[in-house]
Amino acid sequence: MVMALAITGAAACRSTRSLRKVIAAPAPHPDTTAVKVLDSTLPARDLHADSMGVIHTALAGIAHNHIDFQTFSGTMHIHYQGSDGQDNEVNAVVRIKRDSIIWIEIYAKVGPMTIKAFQVLITPDSAKILDRVKKVVRLRSVSYLREQAHLPVDFGTVQNILIGNPVFLDTANVLYYRTETKGLSLFSVGRIFTNFLTLNPDNTIGHSKLDDTDPMRARTCDMTYGDYDYGGPAPAPFSTYRKISVEEKGKVDIEIGINKHYKFNEVLSYPFSIPRNYKRR
C-alpha cells in the first residue's frame, strides 16, 4: 500500500528504484572560536563571529524561502518500494488546508485500467484510509503515520514534507557549517535527529540527511529536493521533485514528481464519505 503519499502513512502500494546514495558524515568546519591576528597593524578578527554571521545569513535565507500558504492542490506521480522489496507506481491528487486537512486520492493500475484505489483523510489527530479495492476502511489515530513512515512524524511534519519546507531542523542548535562546491551545509542537533542540511546558492534545500540521536537506534532518513519552480504560483521556490529514503530495520524508498499545474491558496473541497458496505478494520 502507498504510504498515503510518501510519508503520509496511508498504506497503499509500493515502488521506486532504491536510493543508495547517502551523504557521508561531514568533517567539522575548521576551528571558528579562535581569534587570529592576520597583521599586527590590523585589529584582531573574530572568526567565531564570522562563522555565526554565515550561519545566521543561511538561516535567514531558509526563512525567506519558507512556503507559507493557506491551501495547496496538486497531482503527484509516486514510485514506492517498501521493506518487502515490492515496487508500485501510482498517481495521487493532493489537497491541503494548512494545519487542518490533508486529503489524498490515489490512482493505481489494475490490469489495463487505472482506478481510484485509495482515499485518505488526515487531520491533526486522525488518519482515515478507504481501500476501494478491498472495500475496507481503516480509522486510525495520527500515530498511524509514525508506524507507517518509521519516523516520529505528526500532521505538521507530513504537511512540510509534502510542501517542501525543512523538517527536523533545530535552528537554535546549528553547531557548524561547511562550504560546498555549490552552496553551503549546516549541521544541527535536535531532540530526535541530527540534520545535515545542504543548501543551494539561493538557500533552497538541496539535501537533508537525518540521523537518530539515540545511539541504540540505526534510524536514518535521506531526502533530496530538486526541479525547483521559480515562476509558479508558490510564494517561494517550490521543489517539484523529491527522493526520500527511510531506513531502520527495513528500508522504504520513495520518489515523487509533482505536476507543475499545482495551485496555492484557492478554495478547495475535501469530500470523504464511508460507504455503508465497507468493513472497518
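**Salt bridges and their surroundings**

Mentor: Glu266 has a relative accessibility of 39% and is therefore classed as partly exposed. In this predicted model, Glu266 is paired with Lys263 in a salt bridge whose closest N and O atoms lie 4.0 Å apart. Lys263 also has 39% relative accessibility, so this residue counts as partly exposed. Salt bridges with shared partners also link Asp68, Arg98 and Asp99 into one network.

The structure contains 8 salt bridges. One of them joins the side chains of Arg178 and Glu180, with an N to O distance of 3.0 Å. Arg178 is partly exposed, because its relative accessible area is 25%. Glu180, at 25% relative accessibility, likewise counts as partly exposed.

A further salt bridge connects Asp211 with Lys209, and here the closest N and O atoms are 2.8 Å apart. Asp211 is partly exposed, with a relative accessibility of 28%. Lys209, in contrast, has a relative accessibility of 8% and therefore counts as buried, since the limit for buried residues is under 20% relative accessible area.

The side chains of Ser245 and Asp253 are joined by a polar contact of 2.7 Å. Ser245 belongs to strand 14, which spans residues 238–247. Its relative accessibility is 6%, so Ser245 is counted as buried.

Note on methods:
Residues numbered from 1 in each chain as written. Predicted model: local features only at pLDDT ≥ 70, side-chain atom pairs only at ≥ 80, totals over all residues. Heavy atoms only, no water. Helix = DSSP H or I, 4+ residues; strand = E, 2+ residues; numbered from the N terminus. Buried < 20%, exposed > 50% of the residue type's maximum accessible area, 1.4 Å probe, protein only. Polar contact = N/O pair within 3.5 Å; in protein donor to acceptor, adjacent residues only side chain to side chain.
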